[in-house]
Amino acid sequence: MFPVWLQAGFWGLVGGSALLLGAAVGYFVSIPQRAIATIMAFGAGVLISALSFELMDKAYKRGGFDSTAIGFLGGAAVYTAANWFLSQQGAKHRKRSGSLHPAKKESGDGGLAIALGALLDGIPESIVIGVSMISGGAVSWVTVAAIFLSNIPEGLSSAAGMKKAGRSIGYVFGVWGAIAVISGIAALLGYTLFSGFSAEVIAATTAVAAGGILAMISDTMIPEAFEETHDFAGLITVCGFLAAFVLSKLAER
């Protein structure tokens with residue numbers, strides 16, 4: 001049996017590898033914009049369900065309302081501030097798969113901003129994987145599944161947009177490959193660094209990730225989904241939410 005910290009890193013890598021998988025599909029396969037938007041809407045629903053039942057609910061049970069609320073609002077605020085800064089550097093539409101994705105010639109240093117933006121989006125959810133293993137040493141496979149399912153459309157949409165913007169294959173897969181590896185490291189650190197902290201700190205950390213993820217969904221995933229699916233975006237998002245909800249309830253049996 002591998003030590004728990006190594007297992008945490010492995011599951012973080014599994015969740016992050018979906019970014020690379022989605023990037024490969026988005027780069028090499030010609031997928032209609034509407035299909036990409038549909039997948040993005042489904043992924044948004046999956047993440048909303050996961051952060052509701054796997055993150056916020058557990059954070060509240062572990063640390064109470066105060067630490068959960070402070071962490072949740074703090075996570076959203078930090079993400080929003082960092083995202084605003086990166087947007088000014090050329091990464092505003094980094095997840096867009098269509099013409100809004102910043103073109104290489106127009107973005108200046110936007111390539112670095114896009115990479116940092118991808119890192120900003122992936123780190124919180126990876127840390128949660130490690131934190132979820134602190135109590136009993138077992139990973140929350142519902143959390144991993146939700147992150148994996150939601151990362152596929154993120155990698156797919158962004159890679160498709162990067163290709164249309166003239167990014168090289170080395171750049172595209174370099175970015176997402178690095179983010180996948182860093183996701184594993186973040187999950188490992190999430191377990192090792194927070195194991196010795198109090199329940200309130202762990203709860204606040206989990207809520208920080210939840211707040212950052214929800215802010216990211218609202219800022220990037222839902223606009224991408226609505227742009228093409230329009231009236232069907234809500235229904236598809238609900239289907240994603242239901243899928244993750246069923247997974248969470250099956251895990252409780």
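Helix 5 (residues 141–164) and helix 8 (residues 233–251) have axes that come within 9 Å and cross at roughly 160 degrees. That makes helix 5 roughly antiparallel to helix 8, a label used for angles over 145 degrees, while angles under 35 count as roughly parallel, 65 to 115 as roughly perpendicular and the rest as oblique. The axes here are lines fitted to C-alpha atoms, for helices over the stretch in contact, and the angles run from 0 to 180 degrees between N-to-C directions.

This is a predicted model, in which local features need pLDDT of at least 70 and side-chain atom pairs count only at pLDDT 80 or more, while totals for chains, interfaces and linings use all residues. Residues are numbered from 1 along each chain as its sequence is written, and side-chain values use heavy atoms, with hydrogens and water left out.

Helix 5 also packs against helix 6, and here is how the two pairs look side by side.

| Helix pair | Angle | Axes | Crossing |
|---|---|---|---|
| Helix 5 and helix 8 | roughly 160 degrees | within 9 Å | right-handed |
| Helix 5 and helix 6 | about 155 degrees | 10 Å apart | right-handed |

Helix 5 and helix 6 are therefore roughly antiparallel to each other too. As for handedness, a crossing is right-handed if the near helix is turned clockwise from the far one by less than a right angle, and left-handed if anticlockwise.

Now for the overall layout. The protein has eight helices and zero strands, where helices (H or I, at least four residues) and strands (E, at least two) are DSSP runs, numbered from the N terminus. Of its 253 residues, 49% are buried, meaning under 20% relative accessible area with a 1.4 Å probe and protein chains only; exposed is over 50%, and partly exposed is in between.

What about the surface? Leu13, Val181, Ile185, Leu189 and Leu193 make a nonpolar patch of about 430 Å². Patch residues have over 30% relative accessible area and no salt bridge, and nonpolar side chains are joined within 5 Å; a salt bridge would be a side-chain nitrogen of Lys or Arg within 4 Å of a carboxyl oxygen of Asp or Glu. Helix 6 (residues 169–194) gives the patch its largest share, four residues. Isoleucine 185 sits in that helix, and counts as partly exposed because its relative accessibility is 46%.

Is threonine 68 buried or exposed? Threonine 68, in helix 2 (residues 33–91), is buried because its relative accessible area is 5%.

Definitions and conventions:
Patch = residues over 30% accessible without salt bridge, like charges linked within 9 Å, V, L, I, M, F, W, Y side chains within 5 Å. Areas by Shrake-Rupley, 256 points an atom, 1.4 Å probe, with all protein chains shown as cover.
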